[in-house]
Amino acid sequence: PVTELATANVIGGYPDGTFLPNGEVTYGEALKMIMRAAGYEELAPTGKHWASGYLSRAVSDGLLASSQVNLDMAITRYTVAEVAAKALRVQGYNLPVSTRTVSPFSDMTMEVSSAPYVLALVDAKIVQGTTLSNGNVVYYGVNAFRRSEVAVVVYNMMAYRSAG
C-alpha cells in the first residue's frame, strides 16, 4: 500500500528517503493524505506552512471547524475519522451514515461526537479497531495515528472510491 500511495502522490516520505512508519502523523500530513485519497487535487500553500492550502480547503469544505490548527501537531484517530468521512462525502462518494446503535469499541461510546464518522468508516471497511487479548475491541480515538496506520486508512479510502 505505501508504494502504491507514494506512486499516486498521496503520501510521501521525508527528504532523507525514510517513511518512518511508527512516527506520529501531524495535522498537515494527515490532511494532505486524506484529502488526496478522497480525490482532492494537489493544493498549493496559502501561507507559510507547506500544508496551509490543505488546511484552508479543509475549513472551507467543512472538514475541520477551525483554521486554528497547529499543522505540525499530532492528529488524533477521532479527528482522522471525521476528516476522512467528511472528505469522501464532499467529494461525492456515497459514504452512508451508520445505522449502528451500539459502539463496537469498548473505549468509544455512541455519545462521542466523532462516533458517527468512525462507525461510517468501520461499516465501509476503511478503519477498524484493535482486538485486545481479553476480546475487547478498542479504537483508541484520542491517541495519535502512526504513519503506517494512516497509510492503511488512506489505501482503504482509495479502494472504497474505486469500488464506487
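Q: Where does alanine 124 lie, and why is alanine 124 called buried?
A: Alanine 124 sits in the loop between helix 5 and strand 1; helices here are DSSP runs of H or I with at least four residues, strands are E runs of at least two, and both are numbered from the N terminus. Its relative accessible area is 18%. Buried means under 20%, exposed means over 50%, and partly exposed is anything in between (1.4 Å probe, protein chains only). So at 18%, alanine 124 is buried.

Q: What does alanine 124 touch, not counting residues up to four places away in sequence?
A: Alanine 124 touches Leu95 and Tyr160, where contact means heavy atoms within 4.5 Å.

A quick note on the ground rules. This is a predicted model, in which local features need pLDDT of at least 70 and side-chain atom pairs count only at pLDDT 80 or more, while totals for chains, interfaces and linings use all residues. Residues are numbered from 1 along each chain as its sequence is written, and side-chain values use heavy atoms, leaving out hydrogens and water.

Q: What makes tyrosine 93 partly exposed?
A: Its relative accessible area is 24%, so tyrosine 93 falls in the partly exposed class. Tyrosine 93 belongs to the loop between helix 4 and helix 5 (115-123). Neighbours within four places aside, its contacts are Ala38, Leu88, Tyr160 and Arg161. Tyrosine 93 and alanine 38 are 55 residues apart in sequence, yet 8.4 Å apart in space, C-alpha to C-alpha.

Q: Why is lysine 125 said to be exposed?
A: Lysine 125 comes in at 67% relative accessibility, so it counts as exposed. Lysine 125 is in the loop between helix 5 and strand 1, and has a positive phi of about 65° although it is not a glycine.

Q: What makes tyrosine 140 partly exposed?
A: With a relative accessible area of 34%, tyrosine 140 is partly exposed. Tyrosine 140 is placed in the loop between strand 2 (137-138) and helix 6. Phi of tyrosine 140 is positive too, near 60°, in a residue other than glycine.

Q: Why is helix 4 described as largely enclosed by the rest of the structure?
A: Count the residues: 11 of the 14 in helix 4 are buried, so the rest of the structure largely encloses it. Among them are Arg77, Tyr78 and Lys86. The buried residues of helix 4 pack against helix 2, helix 5 and helix 6. Just after helix 4, glycine 92 takes a positive phi of about 90°.

Q: How do you know that the span of helix 4 agrees with 1.5 Å a residue?
A: The expected span is 1.5 Å times one less than the number of residues. For the 14 residues of helix 4 that should be 20 Å, and the end C-alpha atoms are 20 Å apart, so the two agree.

Q: What about helix 6: which span should its 17 residues have, at 1.5 Å a residue?
A: Helix 6 (residues 147-163) should span 24 Å; its end C-alpha atoms are 24 Å apart, so that agrees as well. The buried residues of helix 6 include Val150, Val153, Val154 and Met157. The buried residues of helix 6 pack against helix 1 (2-7), helix 2 (27-37) and helix 4 (77-90).

Q: Why is helix 2 called roughly parallel to helix 4?
A: The axes of helix 2 and helix 4 cross at roughly 30° and come within 10 Å. Axes are lines fitted to C-alpha atoms, for helices over the stretch in contact, and angles run from 0 to 180 degrees between N-to-C directions. Under 35 degrees counts as roughly parallel, over 145 as roughly antiparallel, 65 to 115 as roughly perpendicular and the rest as oblique. So helix 2 is roughly parallel to helix 4.

Q: What makes helix 2 oblique to helix 3?
A: Helix 2 and helix 3 (residues 52-60) pack at about 60°, with axes 9 Å apart. That angle makes helix 2 oblique to helix 3. On the helix 2 side, the contact involves Leu31, Lys32, Met35 and Arg36.
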